[in-house]
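Have a look at the picture first, and then we'll go through it together.

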Number of protein chains: 2
Amino acid sequence: MGRSLCVSLEMIGLDEAIEKAVSYAKIGRLTVVEKSIYDACGLIVAEDYYASIDNPPCDKSYVDGFAIIAEDTYGASPFNPVMLKIIGWMKPNDDSSKFILSRGEAVWVSTGSALPRNSNAVVMYEDVSLYNDYIAVTKPINIWSNVAKRGEDYRCGEVLVKKGSMLKPWDLALLASSGYGYVKVYEKIRIGILCTGSELVEPGRNLDKGMYYNSTCVLIKNYLDQIPFVETMYYGIAPDDEKILMDKITAIIGENHMAIVSGGAGYSEVDVTKRVLENMGKWVFKNIAIRPGKPTGLALVNGKPVYSLSGFPVAAWVALEALISPYLYIVMGLKPPVKPSVKAIMKRKVPNTVGYRSFVRVKLFEENGKLLCEPYLIKGSGILSSLVKSDGYVIVSENSEGVDEGEEVNVILK
Amino acid sequence: MGRSLCVSLEMIGLDEAIEKAVSYAKIGRLTVVEKSIYDACGLIVAEDYYASIDNPPCDKSYVDGFAIIAEDTYGASPFNPVMLKIIGWMKPNDDSSKFILSRGEAVWVSTGSALPRNSNAVVMYEDVSLYNDYIAVTKPINIWSNVAKRGEDYRCGEVLVKKGSMLKPWDLALLASSGYGYVKVYEKIRIGILCTGSELVEPGRNLDKGMYYNSTCVLIKNYLDQIPFVETMYYGIAPDDEKILMDKITAIIGENHMAIVSGGAGYSEVDVTKRVLENMGKWVFKNIAIRPGKPTGLALVNGKPVYSLSGFPVAAWVALEALISPYLYIVMGLKPPVKPSVKAIMKRKVPNTVGYRSFVRVKLFEENGKLLCEPYLIKGSGILSSLVKSDGYVIVSENSEGVDEGEEVNVILK
């Protein structure tokens, strides 16, 4: 009988791969650093932050108008306007004790002014007319109208931002409103990226016959640089040499929290990455049942995650989009970002091999007012233009034999 | 008759505001800079880039397997396997002329290898068995199976990336694959941010009675820093003083392509921003019919856009989300990014004042397997926690009197 060449095609499903990665390939200890709240968006906060004050610190007007006593206006109508005497003007930083309102009186207030004592509502400029020192109010004003009550936003001692959350612009504004000028965050996850392939040349250099420009690591680096709590370092191209690759991986792992090696992920003579990782570390998984991107593997080397990705850019992109990006969010305790998607009608039949989850690049177009999508050929994971020209992708389940012509699909926008 | 206080409440609709901003408030000339393709994601490319080579430069295998002559396999079946003699091995950078295939022969190829002369298909490792120097093929292989044809990705001279497009990771990979190590891009749009308000203190400093921490500019800066072709510079807090504000705006406009002034956007005594802009420049619009965010204005000062935003963080956020972010993309000739959204049932009636487009923050939750949303009160554009705790927002049209309880709405996720 003939010898099968499929020496190492053990593979697991994508969901299981993410679960295993999250369970077994932790990101090591991240140093805590202090960042200005003006410059911390997307970083992960390293401790719980509590409100140091009530906010607002007192009852405040949130419009330009007149502070009044609501009860004064209860009978007001256009035919029976209530006249209130203006007794003064509150500037935004005046104290509430500057005036003590009596019935029949009003105080001019600006947006953000404290409410003068005894007043319990604000009527907007637009809703009154001015008669010398009096305003005419022509409708009843509810109690606490246009007033932000003390502590309405938050109370002193409340948690403002929880340890482990990713800082959004509004979280930082909330911290600022309570007086925090700096915030303790985790340093960014450092990912070292290495390219392998004796046939590869850096873009910008001369190209000898039989050589190709490295494009996959350009994609990997720029893709990961979009994740705000990640920083990348590119380590260049290593030849298909086990010793050199081993040394490079050791160096990268020493300087980073995680490594990604692009290329050499198959099982032929020249595919050294998988053999090197087999020798250096411990597999979490060797291949994933996705198309393209099957040779995507993950090993632990000195306890640190080392991902082995296809040297083909489209296969590497699927691994980033479907595995590594969700992994990075989930392993940090965050929800992966939701991507926008649209429903469209598939224009052509897309066959699928049962057992593989396929990521089919599609182009959207309109026909008779309906949104349709045209698949790019599944083959050619080296064909970058299929990724560049597509509007998004359709995920075909591993349980499905494909998508029929005319079937409605969910197109995830790139 | 009484004097109305509504001196300057002229306002235009949001769509008209965006149109006017894009038409009249251009971003000035941006300097062209060269960036490494490893570090240019999200920047705007400053010239057309053309392919310098065919890609792939020759017919290549895109799997590990054996290059064959497809016609040899046409009668193959498990009962009638075709035996092909292995005549050698192509490394990824070997030239196609290394072997010239005859009928009945096969050459071992790796992913990315050039196809040897005369071969016209590749059979995958997984699909053959090895018998000493022979492989057994048990099914017919189509011509050009597993082969990326010369120029299939792109042809020499084709446009790879068009001037004015925003560089995505795959665009940069495409440029790399054609040998470009650097790419000419526009410098980032520099936006200077100024805060006004005599009652405001920088977070981190001591808070005197009647003073408040500046949080809105923290939100504005961090929000804009997420746009990859923008860089921001924060200019601190200016008091409510026309002369000082005028000097600050002059300085900012001198150093930046655009300015944003937060606070002082109303029409009371202390609201100096609008008065200063009235004196310094030319209005594009003074207010917008949105809630919150009505006092959002835009003026041209020395031909440069100066946005006047509410000092309230939630109102400023609506202006950023609904106006300034779309403006920046459209004015640069780009499509604003699509935000993910979900359909949900509104739990409570949300009234709307006809004529205003309202941005209602909502919290999502599930009930009996259905997705519902609960609105935060529309009031309180100073209430940051409504923004922090919400999952997204619902846009209520200016033509609508509101959303009924039980109505299906589109929730745009933050």
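What follows covers the ground rules, then chain A as a whole, then the aromatic rings.

## Ground rules

This is a predicted model, so local features need pLDDT of at least 70 and side-chain atom pairs count only at pLDDT 80 or more, while totals for chains, interfaces and linings use all residues. Residues are numbered from 1 along each chain as its sequence is written, chains are lettered from A and ligands numbered from 1 in the order in which they are written, and side-chain values use heavy atoms, with hydrogens and water left out.

## Chain A as a whole

Chain A has seven helices and 29 strands. These are DSSP runs numbered from the N terminus: helices are H or I with at least four residues, strands are E with at least two. With a radius of gyration of 31 Å, well over the 22 Å that the globule rule gives for 414 residues, chain A is more spread out than a compact globule. (That radius is taken over C-alpha atoms, and the rule is 2.2 Å times the number of residues to the power 0.38.) Along the principal axes, the C-alpha atoms of chain A fill a box of roughly 105 × 55 × 40 Å.

How much of chain A counts as buried? The value is 57% of its 414 residues, where buried means under 20% relative accessible area, exposed over 50% and partly exposed in between (1.4 Å probe, protein chains only).

## Rings across the chains

Over all chains, the structure holds 20 aromatic pairs. Rings of Phe, Tyr and Trp (its six-membered ring) pair if their centres lie within 6.5 Å; planes under 30 degrees apart count as stacked, over 60 as edge-to-face and the rest as tilted.

Take A:Tyr234 and B:Tyr38: their ring centres are 4.3 Å apart and their planes at 25 degrees, so this pair is stacked. The pair crosses between chains, from strand β17 (residues 230-238) of chain A to the loop between β2 (32-36) and β3 (49-50) of chain B. A:Tyr234 is buried at 18% relative accessible area, and B:Tyr38 is buried at 11%.

## A tilted pair and its cluster

B:Phe359 and B:Tyr393 make a tilted pair, 6.0 Å centre to centre with 45 degrees between the planes. B:Phe359 sits in strand β25 (residues 357-367) and B:Tyr393 in strand β27 (residues 392-396) of chain B, so the pair ties together parts 34 residues apart in sequence. Both B:Phe359 and B:Tyr393 are buried. Together with A:Trp170 and B:Trp317, they form one aromatic cluster.
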